[in-house]
Amino acid sequence: INLTMAVATIFLIVAKFGVDGAGSRLVSEYAVSSPFLIRPLARSAFLLRLAFTLPVSIAAFFLAPLIAGFYQDPDLEPLFRLGGLVILSVSFNELAALILLGLKRFRVLFAMRAVMFAIRIGLVTAAAALALGAPGVIWAYIAAAGVTGAAVFLYLSAGVATGAAPEQLRGMRSRLWRLSLTLAVSGASVTIYSLLDKIMLGYFRDATDVGIYSMARNLLETSLFPMFALVMTLRPALAGAWASGDRQRCSDMVNRSITAAFAYSACVATVFACLAGPLVTGLFSDKFEASAAILVLFIPLLVMRSIGSVILPGLIAADKAGTYAKLTVAGAILNFILNALLIPRWGAQGAVISTLVSYMPIEILGLSVVSREIGGLRRQGDLSRAARIAGVAVLIWVIYTRFMPEPSGLPVTLVHAAILSILFLSALVVLKAVKKDDLLELVGPVMRIFGKR
(Lines give C-alpha, C1' and ligand atoms only; values in the text may rest on other atoms or scores of the structure.)
Protein backbone atom coordinates (compact mmCIF):
# COMPACT_ATOMS: atom_id res chain seq x y z
CA ILE A 1 0.00 0.00 0.00
CA ASN A 2 2.79 2.43 0.94
CA LEU A 3 4.64 1.71 -2.29
CA THR A 4 1.49 2.27 -4.34
CA MET A 5 0.90 5.61 -2.64
CA ALA A 6 4.54 6.61 -3.14
CA VAL A 7 4.36 5.86 -6.87
CA ALA A 8 1.05 7.74 -7.12
CA THR A 9 2.69 10.73 -5.41
CA ILE A 10 5.35 10.82 -8.12
CA PHE A 11 2.68 10.87 -10.84
CA LEU A 12 0.77 13.56 -8.96
CA ILE A 13 3.69 15.95 -9.48
CA VAL A 14 2.59 16.25 -13.11
CA ALA A 15 -1.12 15.63 -12.55
CA LYS A 16 -1.62 18.58 -10.17
CA PHE A 17 0.26 21.12 -12.34
CA GLY A 18 0.08 23.74 -9.59
CA VAL A 19 -3.59 24.47 -10.32
CA ASP A 20 -4.63 24.10 -6.68
CA GLY A 21 -2.17 26.71 -5.42
CA ALA A 22 -2.97 29.08 -8.28
CA GLY A 23 -6.72 28.68 -7.87
CA SER A 24 -6.48 29.24 -4.11
CA ARG A 25 -4.42 32.41 -4.59
CA LEU A 26 -6.71 33.89 -7.24
CA VAL A 27 -9.97 33.03 -5.49
CA SER A 28 -8.68 34.86 -2.38
CA GLU A 29 -8.10 37.95 -4.51
CA TYR A 30 -11.39 37.73 -6.40
CA ALA A 31 -13.34 37.28 -3.16
CA VAL A 32 -12.23 40.85 -2.38
CA SER A 33 -12.14 42.51 -5.79
CA SER A 34 -14.32 40.50 -8.20
CA PRO A 35 -16.71 38.04 -6.49
CA PHE A 36 -18.50 37.37 -9.79
CA LEU A 37 -15.33 35.63 -11.06
CA ILE A 38 -15.27 33.00 -8.28
CA ARG A 39 -17.52 30.46 -9.97
CA PRO A 40 -15.89 30.83 -13.42
CA LEU A 41 -12.50 30.48 -11.74
CA ALA A 42 -13.53 27.27 -9.94
CA ARG A 43 -14.83 25.87 -13.21
CA SER A 44 -11.70 26.86 -15.14
CA ALA A 45 -9.46 25.41 -12.43
CA PHE A 46 -11.41 22.14 -12.58
CA LEU A 47 -11.05 21.90 -16.37
CA LEU A 48 -7.36 22.81 -16.35
CA ARG A 49 -6.73 20.23 -13.64
CA LEU A 50 -8.67 17.65 -15.65
CA ALA A 51 -6.53 18.34 -18.72
CA PHE A 52 -3.42 17.23 -16.80
CA THR A 53 -4.79 14.74 -14.27
CA LEU A 54 -6.79 12.53 -16.63
CA PRO A 55 -3.92 11.73 -19.05
CA VAL A 56 -1.54 11.12 -16.14
CA SER A 57 -4.05 8.83 -14.46
CA ILE A 58 -4.54 6.83 -17.68
CA ALA A 59 -0.77 6.64 -18.21
CA ALA A 60 -0.27 5.33 -14.66
CA PHE A 61 -2.91 2.66 -15.30
CA PHE A 62 -1.25 1.36 -18.47
CA LEU A 63 2.29 1.67 -17.11
CA ALA A 64 1.45 -0.52 -14.12
CA PRO A 65 3.01 -3.70 -15.63
CA LEU A 66 6.28 -1.88 -16.35
CA ILE A 67 6.44 -0.39 -12.85
CA ALA A 68 5.68 -3.78 -11.27
CA GLY A 69 8.42 -5.28 -13.44
CA PHE A 70 10.87 -2.65 -12.21
CA TYR A 71 10.21 -3.83 -8.65
CA GLN A 72 10.33 -7.46 -9.82
CA ASP A 73 6.98 -8.23 -8.24
CA PRO A 74 4.08 -9.06 -10.62
CA ASP A 75 1.64 -9.02 -7.68
CA LEU A 76 2.04 -5.23 -7.53
CA GLU A 77 0.49 -4.72 -10.98
CA PRO A 78 -3.19 -4.57 -9.86
CA LEU A 79 -2.25 -2.20 -7.04
CA PHE A 80 -0.40 0.12 -9.42
CA ARG A 81 -3.43 0.06 -11.75
CA LEU A 82 -5.55 1.22 -8.84
CA GLY A 83 -2.93 3.93 -8.37
CA GLY A 84 -4.34 5.58 -11.49
CA LEU A 85 -7.66 6.07 -9.69
CA VAL A 86 -5.82 7.27 -6.58
CA ILE A 87 -4.22 9.99 -8.71
CA LEU A 88 -7.60 11.04 -10.13
CA SER A 89 -9.46 11.20 -6.80
CA VAL A 90 -6.67 12.77 -4.74
CA SER A 91 -5.89 15.39 -7.37
CA PHE A 92 -9.43 16.80 -7.43
CA ASN A 93 -9.86 16.40 -3.69
CA GLU A 94 -6.81 18.59 -3.05
CA LEU A 95 -7.98 21.16 -5.60
CA ALA A 96 -11.39 21.40 -3.93
CA ALA A 97 -9.79 21.76 -0.49
CA LEU A 98 -7.50 24.61 -1.54
CA ILE A 99 -10.33 26.47 -3.28
CA LEU A 100 -12.25 26.31 0.01
CA LEU A 101 -9.15 27.51 1.82
CA GLY A 102 -8.80 30.47 -0.54
CA LEU A 103 -12.42 31.39 0.17
CA LYS A 104 -11.74 31.12 3.94
CA ARG A 105 -14.58 28.63 4.32
CA PHE A 106 -12.80 26.84 7.13
CA ARG A 107 -15.88 25.13 8.54
CA VAL A 108 -16.72 23.58 5.18
CA LEU A 109 -13.10 22.51 4.78
CA PHE A 110 -13.10 20.95 8.24
CA ALA A 111 -16.37 19.14 7.46
CA MET A 112 -14.88 17.87 4.20
CA ARG A 113 -11.81 16.48 5.95
CA ALA A 114 -13.85 14.98 8.80
CA VAL A 115 -16.26 13.23 6.42
CA MET A 116 -13.39 11.96 4.30
CA PHE A 117 -11.68 10.56 7.40
CA ALA A 118 -14.91 8.89 8.57
CA ILE A 119 -15.57 7.32 5.15
CA ARG A 120 -11.98 6.10 4.92
CA ILE A 121 -12.04 4.56 8.40
CA GLY A 122 -15.38 2.89 7.75
CA LEU A 123 -14.36 1.45 4.38
CA VAL A 124 -10.95 0.30 5.60
CA THR A 125 -12.62 -1.45 8.53
CA ALA A 126 -15.06 -3.12 6.13
CA ALA A 127 -12.21 -4.13 3.81
CA ALA A 128 -10.37 -5.72 6.73
CA ALA A 129 -13.50 -7.54 7.93
CA LEU A 130 -14.15 -8.91 4.44
CA ALA A 131 -10.46 -9.85 3.97
CA LEU A 132 -10.18 -7.73 0.81
CA GLY A 133 -6.49 -7.09 1.43
CA ALA A 134 -4.47 -4.21 0.01
CA PRO A 135 -6.84 -3.55 -2.96
CA GLY A 136 -9.72 -3.04 -0.55
CA VAL A 137 -7.76 -0.50 1.49
CA ILE A 138 -6.75 1.43 -1.64
CA TRP A 139 -10.36 1.43 -2.87
CA ALA A 140 -11.30 2.96 0.50
CA TYR A 141 -8.83 5.79 -0.08
CA ILE A 142 -10.14 6.33 -3.62
CA ALA A 143 -13.78 6.44 -2.53
CA ALA A 144 -13.19 8.73 0.47
CA ALA A 145 -11.22 11.29 -1.55
CA GLY A 146 -13.47 11.07 -4.63
CA VAL A 147 -16.81 11.43 -2.85
CA THR A 148 -15.79 14.39 -0.70
CA GLY A 149 -14.03 16.16 -3.57
CA ALA A 150 -17.09 15.79 -5.82
CA ALA A 151 -19.38 17.04 -3.03
CA VAL A 152 -17.29 20.19 -2.60
CA PHE A 153 -17.32 20.97 -6.33
CA LEU A 154 -21.11 20.61 -6.33
CA TYR A 155 -21.21 22.98 -3.35
CA LEU A 156 -19.01 25.51 -5.15
CA SER A 157 -21.12 25.37 -8.32
CA ALA A 158 -24.40 25.99 -6.47
CA GLY A 159 -26.05 29.38 -6.73
CA VAL A 160 -27.00 31.82 -9.46
CA ALA A 161 -24.27 32.71 -11.92
CA THR A 162 -23.45 36.37 -12.36
CA GLY A 163 -22.22 37.81 -15.61
CA ALA A 164 -18.58 38.53 -16.35
CA ALA A 165 -17.25 40.32 -19.41
CA PRO A 166 -15.39 38.12 -21.93
CA GLU A 167 -12.17 40.09 -21.46
CA GLN A 168 -12.39 39.54 -17.69
CA LEU A 169 -12.76 35.80 -18.20
CA ARG A 170 -9.82 35.71 -20.61
CA GLY A 171 -7.68 37.65 -18.14
CA MET A 172 -8.66 35.32 -15.31
CA ARG A 173 -7.83 32.20 -17.34
CA SER A 174 -4.53 33.69 -18.47
CA ARG A 175 -3.51 34.44 -14.88
CA LEU A 176 -4.61 30.97 -13.78
CA TRP A 177 -2.45 29.34 -16.45
CA ARG A 178 0.65 31.44 -15.78
CA LEU A 179 0.49 31.04 -12.00
CA SER A 180 -0.24 27.30 -12.30
CA LEU A 181 2.80 26.82 -14.51
CA THR A 182 5.02 28.64 -12.03
CA LEU A 183 3.69 26.74 -9.01
CA ALA A 184 3.95 23.44 -10.90
CA VAL A 185 7.71 23.97 -11.15
CA SER A 186 8.08 24.85 -7.48
CA GLY A 187 5.75 22.05 -6.39
CA ALA A 188 7.71 19.47 -8.35
CA SER A 189 10.95 20.77 -6.87
CA VAL A 190 9.60 20.56 -3.31
CA THR A 191 8.30 17.02 -3.83
CA ILE A 192 11.56 15.85 -5.36
CA TYR A 193 13.42 17.66 -2.59
CA SER A 194 11.50 15.70 0.07
CA LEU A 195 12.08 12.34 -1.62
CA LEU A 196 15.65 12.86 -2.78
CA ASP A 197 17.39 12.14 0.53
CA LYS A 198 15.72 8.75 0.96
CA ILE A 199 16.24 7.76 -2.66
CA MET A 200 19.94 8.61 -2.60
CA LEU A 201 20.43 7.02 0.82
CA GLY A 202 18.94 3.83 -0.59
CA TYR A 203 21.25 4.04 -3.60
CA PHE A 204 24.52 4.76 -1.78
CA ARG A 205 23.89 2.95 1.51
CA ASP A 206 21.46 0.27 2.70
CA ALA A 207 17.94 -0.03 4.08
CA THR A 208 19.18 0.49 7.64
CA ASP A 209 20.34 4.05 6.91
CA VAL A 210 17.08 4.78 5.10
CA GLY A 211 15.06 3.54 8.08
CA ILE A 212 17.10 5.49 10.64
CA TYR A 213 16.82 8.67 8.59
CA SER A 214 13.12 8.17 7.81
CA MET A 215 12.05 7.78 11.43
CA ALA A 216 13.78 11.01 12.44
CA ARG A 217 12.41 12.83 9.39
CA ASN A 218 8.89 11.59 10.16
CA LEU A 219 9.09 13.04 13.67
CA LEU A 220 10.37 16.33 12.25
CA GLU A 221 7.53 16.55 9.71
CA THR A 222 4.95 15.68 12.37
CA SER A 223 6.24 18.43 14.64
CA LEU A 224 5.82 20.91 11.76
CA PHE A 225 2.07 20.30 11.37
CA PRO A 226 1.18 23.60 13.14
CA MET A 227 3.45 25.37 10.64
CA PHE A 228 1.57 23.77 7.75
CA ALA A 229 -1.65 25.07 9.32
CA LEU A 230 -0.09 28.52 9.62
CA VAL A 231 0.91 28.46 5.94
CA MET A 232 -2.59 27.40 4.89
CA THR A 233 -4.12 30.21 6.95
CA LEU A 234 -1.67 32.85 5.76
CA ARG A 235 -2.15 32.11 2.06
CA PRO A 236 -5.74 33.41 1.74
CA ALA A 237 -5.27 36.05 4.44
CA LEU A 238 -2.21 37.62 2.81
CA ALA A 239 -3.68 37.31 -0.68
CA GLY A 240 -6.87 39.07 0.41
CA ALA A 241 -5.01 41.85 2.23
CA TRP A 242 -2.66 42.35 -0.73
CA ALA A 243 -5.58 42.49 -3.19
CA SER A 244 -7.29 45.13 -1.06
CA GLY A 245 -4.09 47.21 -0.95
CA ASP A 246 -3.65 46.86 2.81
CA ARG A 247 0.14 46.52 2.93
CA GLN A 248 0.29 47.33 6.64
CA ARG A 249 -1.95 44.37 7.43
CA CYS A 250 0.26 42.12 5.31
CA SER A 251 3.34 43.35 7.17
CA ASP A 252 1.70 42.82 10.56
CA MET A 253 0.67 39.26 9.71
CA VAL A 254 4.13 38.31 8.47
CA ASN A 255 5.88 39.81 11.50
CA ARG A 256 3.56 38.20 14.04
CA SER A 257 3.73 34.86 12.23
CA ILE A 258 7.54 34.83 12.30
CA THR A 259 7.56 35.57 16.03
CA ALA A 260 5.00 32.86 16.77
CA ALA A 261 6.78 30.36 14.51
CA PHE A 262 10.13 30.97 16.18
CA ALA A 263 8.61 30.56 19.64
CA TYR A 264 6.91 27.33 18.62
CA SER A 265 10.02 25.89 16.95
CA ALA A 266 12.18 26.77 19.97
CA CYS A 267 9.69 24.95 22.22
CA VAL A 268 9.76 21.80 20.06
CA ALA A 269 13.54 22.05 19.71
CA THR A 270 13.84 22.10 23.51
CA VAL A 271 11.70 18.97 23.81
CA PHE A 272 13.70 17.17 21.09
CA ALA A 273 17.05 18.18 22.61
CA CYS A 274 16.00 16.89 26.04
CA LEU A 275 13.98 13.82 25.04
CA ALA A 276 15.08 12.66 21.57
CA GLY A 277 16.28 9.27 22.82
CA PRO A 278 13.22 8.17 24.82
CA LEU A 279 10.86 9.67 22.22
CA VAL A 280 12.38 7.67 19.37
CA THR A 281 12.71 4.38 21.26
CA GLY A 282 9.26 4.78 22.80
CA LEU A 283 7.61 5.35 19.42
CA PHE A 284 9.65 3.06 17.19
CA SER A 285 11.42 0.57 19.54
CA ASP A 286 15.11 0.24 20.44
CA LYS A 287 15.96 -0.81 16.87
CA PHE A 288 15.77 2.84 15.84
CA GLU A 289 17.82 4.24 18.71
CA ALA A 290 20.27 5.75 16.21
CA SER A 291 17.46 7.93 14.86
CA ALA A 292 17.65 10.05 18.03
CA ALA A 293 20.99 11.56 17.00
CA ILE A 294 19.57 12.31 13.53
CA LEU A 295 16.56 14.00 15.11
CA VAL A 296 18.83 16.27 17.15
CA LEU A 297 20.75 17.17 13.97
CA PHE A 298 17.42 18.17 12.41
CA ILE A 299 16.75 20.83 15.08
CA PRO A 300 18.26 23.73 13.04
CA LEU A 301 16.07 22.69 10.07
CA LEU A 302 13.03 22.69 12.36
CA VAL A 303 13.72 26.31 13.31
CA MET A 304 14.53 27.42 9.76
CA ARG A 305 11.46 25.84 8.22
CA SER A 306 9.21 27.27 10.92
CA ILE A 307 10.48 30.81 10.36
CA GLY A 308 10.42 30.22 6.60
CA SER A 309 6.74 29.29 6.69
CA VAL A 310 5.93 32.88 5.65
CA ILE A 311 7.94 32.66 2.42
CA LEU A 312 5.51 30.76 0.19
CA PRO A 313 2.31 32.63 1.18
CA GLY A 314 4.19 35.96 1.17
CA LEU A 315 5.66 35.50 -2.30
CA ILE A 316 2.42 34.19 -3.78
CA ALA A 317 0.45 37.10 -2.31
CA ALA A 318 2.96 39.57 -3.75
CA ASP A 319 2.78 37.92 -7.20
CA LYS A 320 6.36 36.65 -6.86
CA ALA A 321 5.62 32.95 -7.26
CA GLY A 322 8.31 32.78 -9.96
CA THR A 323 10.91 33.73 -7.37
CA TYR A 324 9.79 30.86 -5.14
CA ALA A 325 10.01 28.45 -8.09
CA LYS A 326 13.59 29.53 -8.84
CA LEU A 327 14.60 29.17 -5.18
CA THR A 328 13.15 25.69 -4.82
CA VAL A 329 14.70 24.48 -8.09
CA ALA A 330 18.10 25.82 -7.01
CA GLY A 331 17.67 24.23 -3.57
CA ALA A 332 16.78 20.85 -5.07
CA ILE A 333 19.83 20.93 -7.38
CA LEU A 334 22.14 21.90 -4.52
CA ASN A 335 20.63 19.17 -2.34
CA PHE A 336 21.31 16.57 -5.04
CA ILE A 337 24.94 17.65 -5.41
CA LEU A 338 25.57 17.69 -1.66
CA ASN A 339 23.86 14.32 -1.18
CA ALA A 340 26.10 12.80 -3.83
CA LEU A 341 29.15 14.15 -2.02
CA LEU A 342 28.21 13.55 1.63
CA ILE A 343 25.98 10.46 1.77
CA PRO A 344 28.63 7.97 0.56
CA ARG A 345 30.91 9.03 3.42
CA TRP A 346 28.56 9.94 6.30
CA GLY A 347 25.29 8.19 5.44
CA ALA A 348 22.19 9.58 7.18
CA GLN A 349 24.22 12.33 8.87
CA GLY A 350 25.42 13.46 5.46
CA ALA A 351 21.81 13.58 4.22
CA VAL A 352 20.85 15.85 7.14
CA ILE A 353 23.77 18.20 6.49
CA SER A 354 22.88 18.33 2.79
CA THR A 355 19.30 19.26 3.61
CA LEU A 356 20.35 21.97 6.06
CA VAL A 357 22.88 23.60 3.72
CA SER A 358 20.65 23.44 0.64
CA TYR A 359 17.70 25.00 2.50
CA MET A 360 19.71 28.01 3.68
CA PRO A 361 19.61 29.90 0.32
CA ILE A 362 15.84 29.37 0.12
CA GLU A 363 15.44 30.73 3.65
CA ILE A 364 17.76 33.75 3.35
CA LEU A 365 16.82 34.86 -0.15
CA GLY A 366 13.13 34.07 0.30
CA LEU A 367 12.85 36.14 3.47
CA SER A 368 14.80 38.94 1.80
CA VAL A 369 12.31 39.12 -1.07
CA VAL A 370 9.33 38.98 1.32
CA SER A 371 10.88 41.81 3.33
CA ARG A 372 11.45 43.89 0.21
CA GLU A 373 7.96 43.35 -1.21
CA ILE A 374 5.86 43.45 1.97
CA GLY A 375 8.14 45.23 4.44
CA GLY A 376 8.12 45.21 8.21
CA LEU A 377 9.81 41.84 8.48
CA ARG A 378 11.91 43.01 11.41
CA ARG A 379 10.85 45.63 13.92
CA GLN A 380 12.13 47.25 17.05
CA GLY A 381 12.42 44.76 19.88
CA ASP A 382 12.38 41.66 17.67
CA LEU A 383 16.03 40.80 18.28
CA SER A 384 15.55 41.18 22.02
CA ARG A 385 12.54 38.87 21.97
CA ALA A 386 14.40 36.32 19.86
CA ALA A 387 17.31 36.39 22.31
CA ARG A 388 14.94 35.79 25.23
CA ILE A 389 13.26 32.90 23.45
CA ALA A 390 16.61 31.27 22.62
CA GLY A 391 17.91 31.91 26.13
CA VAL A 392 14.92 30.20 27.74
CA ALA A 393 15.36 27.19 25.45
CA VAL A 394 19.05 26.82 26.28
CA LEU A 395 18.48 27.30 30.02
CA ILE A 396 15.75 24.65 30.19
CA TRP A 397 17.89 22.22 28.19
CA VAL A 398 20.91 22.73 30.48
CA ILE A 399 18.89 22.31 33.68
CA TYR A 400 16.93 19.30 32.43
CA THR A 401 19.87 17.33 31.03
CA ARG A 402 21.96 18.01 34.14
CA PHE A 403 19.49 17.29 36.91
CA MET A 404 16.74 15.05 35.47
CA PRO A 405 17.16 11.32 34.77
CA GLU A 406 16.07 10.07 31.35
CA PRO A 407 12.41 8.98 31.48
CA SER A 408 11.53 5.33 30.94
CA GLY A 409 8.65 4.45 28.65
CA LEU A 410 6.62 6.51 26.20
CA PRO A 411 3.83 7.64 28.61
CA VAL A 412 6.33 9.09 31.10
CA THR A 413 8.27 10.69 28.23
CA LEU A 414 5.12 12.41 26.94
CA VAL A 415 4.40 13.74 30.43
CA HIS A 416 7.93 15.18 30.57
CA ALA A 417 7.43 16.72 27.11
CA ALA A 418 4.18 18.36 28.19
CA ILE A 419 5.77 19.77 31.36
CA LEU A 420 8.75 21.12 29.39
CA SER A 421 6.41 22.79 26.91
CA ILE A 422 4.32 24.40 29.66
CA LEU A 423 7.42 25.66 31.46
CA PHE A 424 8.86 27.02 28.22
CA LEU A 425 5.73 28.91 27.16
CA SER A 426 5.12 30.19 30.69
CA ALA A 427 8.65 31.58 30.82
CA LEU A 428 8.12 33.36 27.49
CA VAL A 429 4.94 34.99 28.73
CA VAL A 430 6.57 36.06 32.01
CA LEU A 431 9.57 37.51 30.16
CA LYS A 432 7.24 39.15 27.61
CA ALA A 433 9.13 37.43 24.82
CA VAL A 434 5.84 36.72 23.05
CA LYS A 435 2.39 38.20 23.13
CA LYS A 436 -0.82 36.32 23.60
CA ASP A 437 -1.84 37.16 20.03
CA ASP A 438 1.41 35.66 18.72
CA LEU A 439 0.66 32.31 20.36
CA LEU A 440 -2.96 32.38 19.23
CA GLU A 441 -1.67 32.75 15.65
CA LEU A 442 -0.75 29.07 15.73
CA VAL A 443 -4.18 27.90 16.89
CA GLY A 444 -6.06 30.32 14.65
CA PRO A 445 -7.21 27.65 12.15
CA VAL A 446 -8.89 25.60 14.88
CA MET A 447 -10.50 28.67 16.43
CA ARG A 448 -11.86 29.73 13.05
CA ILE A 449 -13.43 26.32 12.61
CA PHE A 450 -15.13 26.09 15.99
CA GLY A 451 -15.53 29.77 16.88
CA LYS A 452 -18.41 32.00 15.96
CA ARG A 453 -18.13 33.55 12.55
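Axes here are lines fitted to C-alpha atoms, for helices over the stretch in contact, and the angle between two of them runs from 0 to 180 degrees between N-to-C directions. In this predicted model, α17 and helix α18 (residues 410–430) pack on that basis at an angle of about 145 degrees, with their axes 10 Å apart. The crossing of α17 and α18 is right-handed. On the α17 side the contact consists of R388, I389, V392, A393, I396 and Y400, which meet H416, L420, L423, F424, A427 and L428 in α18. Sorted by class, the residues of this contact comprise ten nonpolar, one polar and one charged.

| Helix pair | Angle | Axis separation |
|---|---|---|
| α5 (residues 77–102) and α6 (residues 106–129) | about 155 degrees | 8 Å |
| α15 (residues 321–346) and α16 (residues 348–374) | about 160 degrees | 7 Å |
| α17 and α18 (residues 410–430) | about 145 degrees | 10 Å |

Helix α5 and helix α6 pack at an angle of about 155 degrees, which makes α5 roughly antiparallel to α6. In this arrangement α5 passes α6 in a left-handed crossing, and the contact is made by N93, A96, A97, L100 and L101 of α5 together with F106, V108, L109, M112, R113 and M116 of α6. By class, the contact of α5 with α6 has nine nonpolar residues, one polar residue and one charged residue.

For α15 and α16, the angle between the axes is about 160 degrees, and because angles over 145 degrees count as roughly antiparallel, these two helices are therefore roughly antiparallel to each other. Helix α15 passes α16 in a right-handed crossing, and the contact of α15 with α16 has 14 nonpolar and eleven polar residues but no charged residues.

Helices α11 (247–284) and α17 (382–403) each supply at least two residues of the lining, and the largest share, five residues, comes from α17. By class, the lining of the second largest pocket has eight nonpolar, two polar and three charged residues.

Technical notes: Residues are numbered from 1 along each chain as its sequence is written. This is a predicted model: local features need pLDDT of at least 70, side-chain atom pairs count only at pLDDT 80 or more; totals for chains, interfaces and linings use all residues. Side-chain values use heavy atoms; hydrogens and water are left out. Helices (H or I, at least four residues) and strands (E, at least two) are DSSP runs, numbered from the N terminus. Angles under 35 degrees count as roughly parallel, over 145 as roughly antiparallel, 65 to 115 as roughly perpendicular and the rest as oblique. A crossing is left-handed if the near helix is turned anticlockwise from the far one by less than a right angle, and right-handed if clockwise. Contact means heavy atoms within 4.5 Å. Ala, Val, Leu, Ile, Met, Phe, Trp, Tyr, Cys and Pro count as nonpolar, Asp, Glu, Lys and Arg as charged, and the others, Gly among them, as polar.
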